[in-house]
Each structure stands twice: as structure tokens, then as C-alpha cells.
Amino acid sequence: MNCEQTRENLVLHRCGTDGSREAQITALRHLRTCTACQVEYEALWHTATVLENVEAPVPPPGLAAQIQQGIQQLHQQRKPRGVASRLQRGLTQIANPLAWCFDRLQLDLPPQFVNAAALLFYVLASAFFVKLAFFAGAPEPELGLTAMEESRLRHVRMSRASWGMLKGADKAHTAAAQKSERAEKPADTAQRVNQFFGLDTVNLWIPRAVETSDTLQHEVQTADQKLTVFWNHIKTSL
Amino acid sequence: MIPDDVYVHKTVEGDADAFNELVTRHHAKIYGLAYRMLGTADDAADATQETFYEAYKSIKSFQFQSQFGTWLYRIGINTCQQYLRKARSRERTLTAYTDEVAVRGVASDKYSPERLALKAEQKQIVQDAINRLPPKQREVVTLFYMQHLKYREIAEVLDCSEGTVASRLNQALKNLKKKLSKYYHSPE
């Protein structure tokens, strides 16, 4: 073993580690023959002796009491006190998501502000969901041509004629009106048509022969159905 | 004597007085560690307090796999490392001052350990030499020579292998030998 290896092992030997027994014996054999390593070993021995014999620092007299007082304060802070502190702790836990956001934004806000902001946020969110659930209004009527056509459909009055709207057709097409219309004489009808179109007494529009009431009623019903189908078709195509 | 684990269990259950008993038992050792690591009494007292506060806050994380003292040493080492990181410039000023004092005082004299009559001076000289060590070497020297821990315990505190502890101790002792050799006779 050379000097370098011996000096590497000297510290371990001095420290009393459980090193290799053979390595220790080899180091000791080298020390007996090498003066330089002996000097080195003695210097290490002195250093270690000084370190081991130096007095341990003595803590100040009131240090233990001071630490214990601090521990008691920590313990009191952790201890739940009453309803108010529980409520505060509960609010703090609820407000944690906002507190995390504020920390990420590096906003050093007081805890009371964070709690108040969290409370306001949850109140607004609750109000929104309550309105959505319970106070949703009736659906608005459909706009556009479909709604207009539907309103017209209600006001279309059936007549015996195949086409055209006679004067006074804006009146509601009630069953009574139908009845009165069916009871109207053909001559009166023709006169009204002529007056509507601004014609003189020349009967340009000659109504058909009066049909029986049953046939007429059947015709009205089928015409009504046809008109309904017609308007429905318009509605769907639009 | 009641083992530390009993008091730890009581502390976990909410008994603060049980932790006070642990403070009484271990505060001197932690103070000694902090003093060797930081070099001044004020910093050592602050670090000691901080160590016990941290231990109390994280007492529930103690898993009883090692001695409570070993776990406490680990917290103390971490606390001292934080202090060292914050106070590096102050430490350099302190060692420069003590170097100057040491050179003026004992520059040409060589004393054997037996001739160092003033214990305070001896302590200060040793502390100065330890202060100039790198933090890793300072830790192992303090734990081995001042706290009298074994290699296995030091490895557990520092979370490293025993070989690493031995290596650091080897280097630390060589560095200290250079710094302390002028204060004692070398054999002719």
C-alpha cells in the first residue's frame, strides 16, 4: 500500500469505522515504515481530538420555555373554538378555489376579501340557476311567414264560391256565419259580388244553382279540408 | 424513562403538553447542531425554534420508522440549510473578520491542544474552522463529532449512503487539519 492509499484509510481508521480488517492491518504496517504518513496520521489524530473535546454550546436559559410557548400558540390556532370560528373555517374552505386563483395571480389579498368574493360568486351563481329552473318564460311566438300565414288561416272565411273573398270576409268564420251565408239567396250573393267588383247590374258573375244544404255543407267541409291541407302545405314548404 | 414514541402518539392525538416534553428533551441537541451549522447564538436559537415549530406542524407525518431524534435532526438540518442560503453574505463577512482576528492573534504561535488554556478561544477557533467548511462537510462533522451519531444514523439523517458519509468526513477532516494545524505543535 502506498502513502496515498494509506492516508485515505487513515481517516476511516481514526474514525473507527468497520472497514476491512485487512486494509487496516496494511495501513498500520505502512505507518510503521513511513515517517511522512506518521506525521499525517498524528495531525489527523489531533484534529479529531480537538473536535471531540470541544465543549458543546449551551442553549440560552429561556429557549425551551420560549419554544413551548410558541407551540401552545400554534395549538390554540389549530383548535376549533366555536360556531363563529367553524363558520369562518367553512367559508375559508369554500373560498379555497378563489384563494388558489388569487395566489396564482400573485394577488396578496386579505382573507376577508377572498371570503366575501367567494360568497358573492356563489350567491350570483345560485340566483342564475334558480332563475333558469323556475322562472323561464313562455316561448316566444314564431316569427316569420309561417306565423303570418297561421293568423290568416284563422281569418279565412269559407264561402259558397270557389274563389275569392267577399266583402265582409274579415269577420270571423263562425258556424253561425256559415249558416247565414248558406241561407242567403243566390241573387243577393250575386249582387254583392257585382258590387264588390264594381260591376253594374249585368250579372257577370252568375252563381251556380242553389244546391241542397247537405250537399253544400259537405262541399264546405271538403273545401275547408282542402284549404287546410293547402295552408299546411304552404307552412311546411316555407 | 418514557420513550419518545409515547409522547409523539399523544401529540398526534392533540396533547400539546406531550410535545413540550419532547422539546425539553431535545432542544439542547438541536441548538448545538444549529450553532455548529450557523456559527452564531442568535441564529442558532431562531433555527432551533423554527425546527420545533416545523416538527409540531408535521408531527402526523412521522411514521415511527426511525428514532424521533433522528427525524428531528433531519428537520434541523433542513432548517439550517435554509438559514445558510439566506445568510451567505453574512457568513462571508463573519469568517473574514475571524480570519483577521486569528491571524493577528496567533499568527506566529503554535499551540498544542493541551496549551490552549482559554476554552472560549478554543471553541471560537474550532467554530471558525467549521464555518469555513462546505455545508455538506459541516453537516457530517457536526453530527459525527458534536452530536456523536454513528455512520448509519448520519446516513439516515442526511438521506445518503454510509459511503458518502465516510467520504465527506474524510474530506472535512483533511480540511480542518489544514486550518487547525497552526494552532498546535506538529511533531518534529
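**View 1. Chain A as a helical chain.** Of the 238 residues that make up chain A, 24% count as buried in this predicted model. Chain A holds 11 helices and 0 strands, and its elements, read along the sequence, follow the pattern α-α-α-α-α-α-α-α-α-α-α. Among the contacts in chain A that link residues at least 6 apart in sequence, 52% join residues at least 24 apart. The accessible surface of chain A comes to about 17,500 Å², and carbon and sulfur atoms account for 59% of this surface.

**View 2. Where chain A meets chain B.** In this view, 34 residues of chain A are in contact with 42 residues of chain B. The area buried between chain A and chain B is about 3,700 Å², with 70% of that area given by carbon and sulfur atoms.

View 3. Between chain A and chain B the count is 1 salt bridge, which A:Glu40 forms with B:Lys177, their closest N and O atoms lying 3.5 Å apart. Helix 1 (3-15), helix 3 (35-53) and helix 4 (63-78) of chain A each supply at least two residues of the side of chain A that touches chain B, and helix 4 of chain A gives the most to that side, with 11 residues. The two chains also share 6 residue pairs in polar contact, both residues being at pLDDT 80 or more.

**View 4. Two cysteines.** A:Cys34 counts as buried because its relative accessibility is 13%, under the 20% limit, and B:Cys80 counts as buried because its relative accessibility is 2%. Over all chains, the count comes to 0 disulfides.

Note on methods: Residues are numbered from 1 along each chain as its sequence is written. Chains are lettered from A and ligands numbered from 1 in the order in which they are written. This is a predicted model: local features need pLDDT of at least 70, side-chain atom pairs count only at pLDDT 80 or more; totals for chains, interfaces and linings use all residues. Side-chain values use heavy atoms; hydrogens and water are left out. A disulfide is a pair of cysteine sulfur atoms within 2.5 Å. Buried means under 20% relative accessible area, exposed over 50%, partly exposed in between (1.4 Å probe, protein chains only). Helices (H or I, at least four residues) and strands (E, at least two) are DSSP runs, numbered from the N terminus. Contact means heavy atoms within 4.5 Å. Accessible areas come from the Shrake-Rupley method with a 1.4 Å probe; for residues, only the protein chains shown count as cover. Buried area is the accessible area (1.4 Å probe) that two parts lose on being put together, summed over both. A salt bridge is a side-chain nitrogen of Lys or Arg within 4 Å of a carboxyl oxygen of Asp or Glu. A polar contact is a pair of N or O atoms within 3.5 Å; within protein, one must be able to donate a hydrogen and the other to accept it, and residues adjacent in sequence count only if both atoms are side-chain atoms.
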